[in-house]
Amino acid sequence: MTYVEQLGLNAKNAEPYISSASTELKNAALSAISKALTENAVLIISENAKDLAAAAANGMSQSMQDRLRLDEKRIAGMAKGVDELIALGDPVGEVISGGIRPNGLKIVKTRVPLGVIGIIFESRPNVTVDAAALCLKAGNAVILKGGKEAINSNKCLSAIMRSAVESVGLPADIIQLVENTSRETTAELMKLNRYLDVLIPRGGAGLIQAVVNQATVPVIETGTGNCHVYVDSSADPEMAVDIVNNGKTSRPSVCNAVESLLIHKDCAEKILPMIAEKFKEHDVKIYGCPRTREILGENVLPATDNEYATEFLDYVISVKVVDSVDEAVAHIRRFGTKHSECIVTNSLAAAEKFQREVDAAAVYVNASTRFTDGGEFGLGAEIGISTQKLHARGPMGLTELTTVKYLVNGCGQIR
């Protein structure tokens, strides 16, 4: 048996204990995890420092290093996220629907855990905690496969959580980390059908596509975020500046950050310079169409289809001046990744048209795309943002980590 198969067997053996655990026991495990994270903050930061040192030595960009970094504030945020899950309702056992058939059969549709979930992710070690905690509350065992850039942080966090769940009487193997970071183990995990019920990739476009294209295990595709803001001709200028600036600069390395700005020709000359002025505070690099360059000057680099299709995850943005909301929608249909899209407008007709015609998991009117987040949507922490349409779409919280079971009770009926 290979190393990855052993992890799969361990998870399968542990699964019955977590799938049948009471809400009280699961919440006790989450409480133990939260407490252990806080108590071990110094250790976590010291292990994270090893990853940050390696990242700097390997020339990792500052924005990607930010994704990797853990400090006391972020650890406290991780612990708070776990605590918030305790307060959320337990989806397992929920009765979705039911009834009695003419032949007397009583059929009840209930919610049950997915089983054993594999999660492959990059860079952000907080995903280790978010994913494990969500899977636990929804009654699932989980096998986590993080990137090599965060291996020390992930090993530390995994060990802390395993000890915590064990302290309340659950098997440690409901949470496992693939400590071998080779591509071979990733490839094997993607084909672990005998033990995994579903696989969730969380990271950049390359990782997600590799998993979707290579996995034989069923995949829930989480999203690359080539997110747009379209500033309509009727937009309030100050609101437009605030929404675009927040979407691009508050945390550019995350999937709900804005990567492309579309702006109507009738307001471009007024609003574009205001936005560019705010961008100077963060040295945002701008790629733009010819009309954008006419307005903002030659310091704007020429934009091609490549820039319009890119998820930069950095202080970089593409800009295009458009003639209408129809052109904006067409551009988004061509280059968007169905994650999060926004219109800034004072026109009800334009807002309704945009929300009706744009195909994305979240479509905003007059609000930042940065709100596409499980916590902000009231779901607690999230496992990722699904951009597909089967099973789950948008922020994936507890409910999305369950499936259904039909409970059928009879009194001797035969067919």
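In this predicted model, Glu 259 is in contact with Gly 225, Asn 226, Cys 227, Lys 248, Thr 310, Glu 311, Phe 312, Leu 313, Val 316, Ile 317 and Ser 318, its neighbours within four places in sequence being left aside. Glu 259 belongs to strand E8, which covers residues 258-264.

- The relative accessibility of Glu 259 is 0%. Buried means under 20%, so Glu 259 counts as buried.

**Thr 403 in strand E16**
- Thr 403 is part of strand E16, residues 402-409.
- Thr 403 has a relative accessible area of 31% and is therefore partly exposed, a class that lies between the limits of 20% and 50%.
- When neighbours within four places in sequence are left aside, Thr 403 is in contact with Thr 110, Arg 111, Val 112, Pro 113 and Leu 114.
- From Thr 403 to Ala 172 the C-alpha to C-alpha distance is 24 Å, and the two are 231 residues apart in sequence.

**Helices H2 and H7**
- H2 (residues 23-39) packs with H7 (residues 151-167) at an angle of about 135°, and the axes are 8 Å apart. Because of this angle, H2 is oblique to H7.
- The crossing of H2 past H7 is right-handed.
- On the H2 side, the contact is made by Ala 29, Ala 32, Ile 33, Ala 36 and Leu 37. On the H7 side, Leu 157, Ile 160, Met 161, Ala 164, Val 165 and Ser 167 take part.
- The residues of this contact comprise 10 nonpolar, one polar and no charged.

**Helices H14 and H15**
- H14 (residues 325-335) and H15 (residues 348-357) pack with their axes 11 Å apart, at an angle of about 20°. Angles under 35 degrees count as roughly parallel, so H14 is roughly parallel to H15.
- H14 also passes H15 in a right-handed crossing.
- From H14, the residues in contact are Val 325, Asp 326, Val 329, Ile 332 and Arg 333. They meet Lys 353, Phe 354 and Glu 357 of H15.
- Four nonpolar and four charged residues make up the contact of H14 with H15, with no polar residues.

Definitions and conventions: Residues numbered from 1 in each chain as written. Predicted model: local features only at pLDDT ≥ 70, side-chain atom pairs only at ≥ 80, totals over all residues. Heavy atoms only, no water. Axes fitted to C-alpha atoms, helices over the stretch in contact; angles between N-to-C directions. Helix = DSSP H or I, 4+ residues; strand = E, 2+ residues; numbered from the N terminus. Parallel < 35°, antiparallel > 145°, perpendicular 65-115°, else oblique. Left-handed = near helix turned anticlockwise from the far one by under 90°. Contact = heavy atoms within 4.5 Å. Nonpolar A, V, L, I, M, F, W, Y, C, P; charged D, E, K, R; others polar. Buried < 20%, exposed > 50% of the residue type's maximum accessible area, 1.4 Å probe, protein only.
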